[in-house]
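Here's a quick briefing to read with the model open beside you. Grab your viewer and follow along topic by topic.

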Amino acid sequence: MTLRALFVGTLTALALTAAPREGFAQFKTPHTTNVAGDETTSLGTTVVVNHGLVGVGRISASLPDPFGETFGSVSSLQVTNWTNLGNGSYGGTFNILPDRGYNSGNFYADFAARIQQVSFVFTPYTGPTGVGGTSLAEKIAAQNQILFTSGISGVKFTYLDPTRGALSVTTGLDPAGGTATIFGKTMPYVTSYTGLQSPSSTSNTTYVGINKLPLDSEALVLKADGSGYIGDEYAANIYYFNASKQIVGAIVPPAAIVPHAPAGTVNFGSAGAPSNGRRNNQGIEGVSLSPDGTTLFALLQSATIQDSDSSNDQTRLHTRLLVYDVSSNATPAAPVAEYVLTLPTYKANGNNGAVNKTAAQSEVVALDNSRLLVLSRDGNGLGNASENPSVYKSILLVDTRVGNPTNVAGTAADAEGGKVTSSPGVLAAGITALSRVEAINMLNGTQLGKFNIQLDTAPTQVTQLTLGEKWEGMSLVPANDPSRPDDYFLFVANDNDFLTSSGLMRGPDGTIVSYDGFANGYPASRLPVNAGAGNVNANDTMFLAYRLTIAAAPTVTRGGFVYDRRTRQFTQQVTVTNTGATPLAGPIYVALDGLSANAALANKTGTTANSTPTGSPYITVLAAGGTLAPGASASVVLQFDDPTLAAITYAPRVLALSSGTP
Amino acid sequence: MKPSFRAALTTAICAGVLAVSTLASATPITFHVAVNTAPLVGNASGPFAIDFQLNDGGGGVSNTATLFNFGFGGGAPLGPANLTGGASGNLSSVVALNDSGFLNEFYQTFTAGSSFSFDVILSRNVDTPQPDAFSFAILDKNLFNIATTGLGDSLVFVNIDSPTLGVPNVQTASAQAPFANVAAVASPIPEPGSLVLLAVGLVAAGARRWQRRASRV
């Protein structure tokens, strides 16, 4: 690197310290799009180009797994054995983490936590037209870019049970207030259980001698040696398992996240809200390990009880990201950092009324030691009995280095009942949340339609082609394309809640029972039209594949000022350079954050309104339709009115936004 | 002061500046600028003014620009110099600029001749978050820049963004109609060792004084 390049790089790094955050937008109406081509966004030093949906696959919700229970529920996903087959297709294995099994009302399953595996061949489809099909059956059959090439195999997690003194599988049964000492720590534990034997049972039964560690598994990290982590919803623990899939340790979150009921007493039950700590059924939904294996991220699904109002779901927006250093200890006692991530909020029925829900997060993928993809979504779509349209399902880019977020680890916010808010849903003064931008809007009607997936436009009748409600699995793999070294495929899969009219599940007594997931409470419009005779109602497990470019954001370099006595303005040239390996589509803007009050940008294009900080003047550097090739630069001259001739100061911010306005 | 002595003294002063700057920071760049000013002769928009700026980039790094060896191609400086911020001197001897303010500007009217030329010694200390910048422009009688193809209607513009910037990094421009033939050209000046230059200049000045003193006897 030349000295000149070094200095330019330094200037650029300084310039990028003030980078955009998606505004704390409220989505009162469906946040849909119909962009057919690439969409670009940037945050800090990262640019993400969403090249769109390139493949879909489907597994029947009625398929039994190797253990005789219904296969389903991708609560987390990880691809292994990823290979470029060299013929335009890729091969791999989906490692699928289901949650606690089918549950309905007072029925919980004795479902042992497990990893399901299925091999697949993926052939991206980038043609301009749809994948075809006229009838429902033909359209379903055309969703075959992700083809499964093996049966389902699976392995159940075990742990050393203190009662049995032997290895045991776990259970999906609710622990209520039960605890035991396992891994040297207080863990949830089910000794007995009172509930329904099957969803169709009419009265509760008490089952004794269960003696199992309960897991509601929601997040999976699978390391190359076969060991890894499970994010859990009952205790909000992060369990560590060895290569034999034996759970041998646990990371217990800060006391502020541990559920207590009453205050001062840990209580891992999920049937009701605790006094403080994680909300019930809102545990550690996202866990991801940095590619270098040193940094473990764990993200709470939504805000703690004490940071929200249990009767106003839109106040659950300020959730917490825990960052652990696992370079030398797989189960550290405390996080090295803890940040607030403010989630989007939305109106459940999308009728433009006041927001009443939080788009809780369901999965995270670490890009490195500071950057994450976060899946944030509503609960609307196929599988939900309520007649609400899909309003918000997006994948966000988060960077802990951008915007100086506040690290609250080890502060009073970590103590039992500790808060990051001043009142429910209001971030405390002095705390800066993480910066984020939307990288993928999943509610793209054009792209989904190309692959025969329909947006839920309730109360319109749903079918098996309707987009599901719960997308909870993500896995990122390289495209292995020498011409596009920064390209990746992002697989996204849904938690179908084991929802089928022909299900099999292990009841509390350990025997398999059958169920019809659509038997209770589903209005006719929410029963998915199926492919016809012989088919059952089913909310199939779906896989989507997006192609992304994740590269270095364009850099901005500023020149010096000159005062023009003809225009009575200071002028300055700024230059934006694409330092990545992928062409970037315009428009590209530069915003001037914190412009000193003595000056005004006389030739501004506009003022930022959609990306924070808002109110900053911005100028177009590359117009729509233009392309910034790798290594290429584009310049613009800024003209400042500055009547007092005082110093002009600001922080430049590059906005690579191929759609929308700054 | 006779021209030969003035030139020698100027050389000595500038060499001194160069030497001090050399000791304190990155080696300065020296270059020569020539402008065809014939289209300005007798033009009703005159008298014109020479405008130099050295504007601050905002950080704590300082730069200086020393301008000397002014040639007017038959013209001459007029009136007093107007100084803003860290500017001093005049077109009859040496103009010095430092970036002590945000805007550091020198301008002075002149009678246009066939050309205007000067030499520049410019330090190369890189300021952040944006570089200091040196510029040269010509103003009309209303003290408006004559329009040019350069940034901010300048004829010469230099971003001091590298300790190794050279003459190729000096941006030159041409004026626009009605002065389209007014164009700046920058060229390097041979760079003898600065201390040698200082010594030569001082010896020349001393010798001249000795000659004058001897002639009085």
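In chain A, β5(A) and β6(A) make a hairpin with 5 residues between them, and A:Gly86 in the turn has a positive phi of about 80°. Strands here, like helices, are DSSP runs numbered from the N terminus (E, at least two residues, for strands; H or I, at least four residues, for helices). This is a predicted model, where local features need pLDDT of at least 70, side-chain atom pairs count only at pLDDT 80 or more, and totals for chains, interfaces and linings use all residues. As for bookkeeping, residues are numbered from 1 along each chain as its sequence is written, chains are lettered from A and ligands numbered from 1 in the order in which they are written, and side-chain values use heavy atoms, with hydrogens and water left out.

**Strands and sheets in chain A**

- Elsewhere in chain A, 4 strands build an open sheet in the order β42-β44-β40-β47, with antiparallel pairing.
- The edges of that sheet are β42 (606-607) and β47 (651-656) of chain A; each has a single partner strand, so one side of each has no neighbour in the sheet.
- Strand β40 (residues 588-593) of chain A runs antiparallel to β47(A), with 6 bridges joining them.
- Look there for A:Ala591, which stands opposite A:Arg653 in β47(A).
- As a reminder, strands of a sheet pair through backbone hydrogen bonds, either parallel or antiparallel.

**Where chain A meets chain B**

- Chain A puts 26 residues into the contact and chain B puts in 32 residues, contact meaning heavy atoms within 4.5 Å.
- About 2400 Å² is buried between chain A and chain B, and carbon and sulfur atoms give 60% of that; buried area is the accessible area (1.4 Å probe) that two parts lose on being put together, summed over both.
- The interface of chain A and chain B has 2 salt bridges, each being a side-chain nitrogen of Lys or Arg within 4 Å of a carboxyl oxygen of Asp or Glu.
- B:Glu105 and A:Arg565 form a salt bridge, with their closest N and O atoms 2.6 Å apart.
- On the side of chain A that touches chain B, the elements giving two or more residues are α1 (3-15), β37 (555-564) and β38 (569-577) of chain A.
- β37(A) supplies the largest share of that side, 7 residues.

- Over all chains, the count is 24 salt bridges.
- A:Glu69 and A:Arg506 form a salt bridge through their side chains (3.8 Å, N to O).
- A:Glu69 is in the loop between β4 (46-59) and β5 of chain A and A:Arg506 is in strand β34 (residues 503-506) of chain A, so this pair ties together parts 437 residues apart in sequence.
- Over all chains there are 45 aromatic pairs; rings of Phe, Tyr and Trp (its six-membered ring) pair if their centres lie within 6.5 Å, with planes under 30 degrees apart counted as stacked, over 60 as edge-to-face and the rest as tilted.
- A:Phe148 and A:Phe543 make a tilted pair, 5.3 Å centre to centre with 55° between the planes.
- A:Phe148 belongs to strand β8 (residues 146-148) of chain A and A:Phe543 to strand β36 (residues 541-552) of chain A, so the pair ties together parts 395 residues apart in sequence.

- The peptide bond from A:Ala458 to A:Pro459 is cis, with omega near 10°, and A:Pro459 lies in the loop between α3 (445-450) and β32 (471-478) of chain A.
- B:Thr128 and B:Pro129 are also joined by a cis peptide bond, with omega about 5°.
- A:Ala236 isn't a glycine, yet its phi is positive, near 60°.

Key
Two strands pair if DSSP finds at least two bridges between them.
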